[in-house]
Amino acid sequence: MASALIALGGNVGDVRAAFKRAIPRICEKAAARLVARSSDYATPPWGDEQQPSYVNACIEIETELEPHALLAVLHDTEREHGRDRLTERRFGPRTLDLDLLAYDACKVDTPTLTLPHPRLFERAFVLVPLAEIAPDRDIAGHTVKNALSAVKTDGIRKLG
């Protein structure tokens, strides 16, 4: 079984309810076991800042699916929650965004998938929830907690 780290985000509709539906669906479709789930965090928008705040979280799962197959499960789950990657604005509002951050210690660089996620260490909205569940996880020579210490976390708050 491989350990996969997945980021969840969204800012359209009831995002927290979408997370509650999406996580078991991911586990079902990936024949995966949920290892850990972070708290939900309210975060400022990133990239395109002229939009509502996001809700972000991270999960760790164990799965036997290979990385590309797991990515296909994530994209299918996004579509089930109303996301259309073909028509949406880059970094714009979305119902559900699922990013495969890391898969064991695998390095992948294909046109459809890069692992670890290429912008992981720039994004406090990912590192904050990820540090809650995997602070000592080494990703590409960096622990999550050390990567988090190098970014600004202004405006991020844990939701109750």
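Modeller: The structure holds 10 salt bridges; the model is a predicted one.

One of the pairs joins Arg 79 to Asp 76, with 2.2 Å between the closest N and O atoms. Both residues belong to helix H2 and sit three residues apart, about one turn of the helix. Asp 76 counts as partly exposed because its relative accessibility is 34%, which lies between the 20% limit for buried and the 50% limit for exposed.

Arg 94 and Asp 97 form another salt bridge, and here the closest N and O atoms are 3.7 Å apart. A salt bridge is counted when the nitrogen is within 4 Å of the carboxyl oxygen, so this pair is included. Both partners, Arg 94 and Asp 97, are buried.

A further salt bridge is made by the side chains of Asp 136 and Lys 145, at 2.7 Å from N to O. Asp 136 has 53% relative accessibility and therefore counts as exposed. Lys 145, at 43%, counts as partly exposed.

With neighbours within four places in sequence left aside, Thr 143 is in contact with Pro 135, Asp 136, Arg 137 and Asp 138. The side chain of Thr 143 makes a polar contact with the side chain of Asn 146, at 3.2 Å.

Salt bridges also link Arg 25, Glu 28, Lys 29 and Glu 80 into a network. Helix H1 covers residues 15-29, and helix H2 covers residues 67-80. H1 has 15 residues and spans 20 Å from its first C-alpha to its last, close to the 21 Å expected at 1.5 Å a residue. The buried residues in H1 are Val 15, Ala 18, Phe 19, Ala 22, Ile 23, Ile 26 and Cys 27. Their cover includes helix H2 together with strands S1 (2-10), S2 (33-37), S4 (54-63) and S5 (97-103). After H1 comes Ala 31, which has a positive phi, near 45°.

Methods
Residues are numbered from 1 along each chain as its sequence is written. This is a predicted model: local features need pLDDT of at least 70, side-chain atom pairs count only at pLDDT 80 or more; totals for chains, interfaces and linings use all residues. Side-chain values use heavy atoms; hydrogens and water are left out. Helices (H or I, at least four residues) and strands (E, at least two) are DSSP runs, numbered from the N terminus. The expected span of a helix is 1.5 Å times one less than its number of residues. Buried means under 20% relative accessible area, exposed over 50%, partly exposed in between (1.4 Å probe, protein chains only). Contact means heavy atoms within 4.5 Å. A polar contact is a pair of N or O atoms within 3.5 Å; within protein, one must be able to donate a hydrogen and the other to accept it, and residues adjacent in sequence count only if both atoms are side-chain atoms.
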